[in-house]
Amino acid sequence: MKVKLASSYGFCFGVKRAIKIAEGYEDSATMGPLIHNQNEIDRLKTDYNVGLYNNLTDVKPKDTIIIRTHGIPKNDLKDLRKKDAKVINATCPFVTTPQQIVKKMSQENYSILIFGDEAHPEVKGVKSYGEDQEDVHVILSISELDNINFKYDKIATVAQTTKKKETYLEIVNALILKNKEVRVFNTICDATFENQDAARELSKEVDVMVVIGGKNSSNTKQLHSICLENCQDSYLIENAKELDPNWFKNKNLCGITAGASTPDWIIQQVVDEIEKY
Ligand code: F3S
């Protein structure tokens, strides 16, 4: 089986940065998973004894706590500091930006609209920076707009960094028709676009496409859905063990892409395995 890698794939700047920070703090712990990739989290534990806390109540005084790439809610950060823990912030700067925009715009009496997934840690964190939580609204699709009662007729919008820009534009267009003032902040991250565009191109020319990444990672899932648009035989896996030889029967060329939290060593293992078929 011949293998072709997408022209852009894998770790983004924010994830590389967070891992580098974590590697510099042996015997520390992260607040929530540092990135959306269990294999890399396991490696950090084995090589650097970087543990994982899921609850603030687990934190002990003098612990060194690393804030995850997607950030944490404002009050969690406050509580952490109260616990006398050493706090190291590995939040991606592209996530800190929407947090600060939400804070500033809500202080200036704008209603806030976040285009994103309310359950995603990044969105929970960004939302928490709104001054009036009742007036910070999170939607995933344009159809949800009708159910929102904005407090002001001035709206500021941000998007989850991994969302599709086309859908964001639809939402923004609908907003401007109904409101006096709409401040649109493009907080969607370019790293995601680059990997998406490359995956789109590659999936058009291959027989089978393998997307490598965490199954709970929203940008990996999105890469998979883009590949499926062009190549029905597109599969999402977390590591080489999940490969199924049947996927490659009677196929010649396999395209590979990987989510923004997927380390190179996992990608290499998958490539090596597929090349054996
Ligand atoms: Fe940051 Fe963009 Fe990566 S927001 S974590 S550089 S996908």
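1. In the angles discussed here, an axis is a line fitted to C-alpha atoms, for helices over the stretch in contact, and the angle runs from 0 to 180 degrees between N-to-C directions. The model under review is predicted.

2. Helix 7 (residues 190-205) and helix 8 (residues 218-230) are the pair to consider at the outset. Their axes lie 8 Å apart and the packing angle is about 25°. Because angles under 35 degrees count as roughly parallel, helix 7 is classed as roughly parallel to helix 8. The crossing of these two helices is right-handed.

3. Which residues make the contact between helix 7 and helix 8? Helix 7 contributes Thr192, Asn195, Gln196, Ala199, Arg200, Ser203 and Lys204, while helix 8 supplies Asn219, Gln222, Leu223, Ile226, Cys227 and Asn230. By residue class, this contact comprises four nonpolar, seven polar and two charged residues.

4. The axes of helix 4 (residues 93-107) and helix 5 (residues 121-128) come within 7 Å and cross at roughly 30°. Helix 4 is therefore roughly parallel to helix 5, and the crossing of the pair is right-handed. On the side of helix 4 the contact involves Val95, Pro98, Gln99 and Val102, and on the side of helix 5 it involves Glu122, Gly125 and Val126. The residues of this contact divide into four nonpolar, two polar and one charged.

5. For helix 1 (residues 13-23) and helix 2 (residues 38-48), the axes come within 11 Å and the crossing angle is roughly 20°. That angle makes helix 1 roughly parallel to helix 2. Helix 1 passes helix 2 in a right-handed crossing. Ile19, Ala22 and Glu23 of helix 1 meet Glu40, Arg43, Leu44 and Tyr48 of helix 2. Four nonpolar and three charged residues form this contact, with no polar residue among them.

6. Turning to the annotations, the UniProt record, an unreviewed entry, gives the feature "binding site" at Cys12, Cys92 and Cys189. The lining of the largest pocket takes in Cys12, Cys92 and Cys189. Cys12 is located in the loop between strand 1 (2-5) and helix 1.

7. Under "binding site", the unreviewed UniProt entry also lists His36, His70, His120, Ser217, Ser218, Asn219 and Ser261. The lining of the largest pocket includes His36, His70, His120, Ser217, Ser218, Asn219 and Ser261. Ser218 has its place in helix 8. Asn219, listed in the entry under this feature, is also one of the residues through which helix 8 contacts helix 7.

Notes:
Residues numbered from 1 in each chain as written. Predicted model: local features only at pLDDT ≥ 70, side-chain atom pairs only at ≥ 80, totals over all residues. Heavy atoms only, no water. Helix = DSSP H or I, 4+ residues; strand = E, 2+ residues; numbered from the N terminus. Parallel < 35°, antiparallel > 145°, perpendicular 65-115°, else oblique. Left-handed = near helix turned anticlockwise from the far one by under 90°. Contact = heavy atoms within 4.5 Å. Nonpolar A, V, L, I, M, F, W, Y, C, P; charged D, E, K, R; others polar. UniProt positions renumbered as here; feature names shortened; annotations may be inferred. 1 Å grid on protein atoms, 1.4 Å probe; cavity = no way out; pocket = protein on both sides within 12 Å on 5 of 7 lines; lining within 4 Å.
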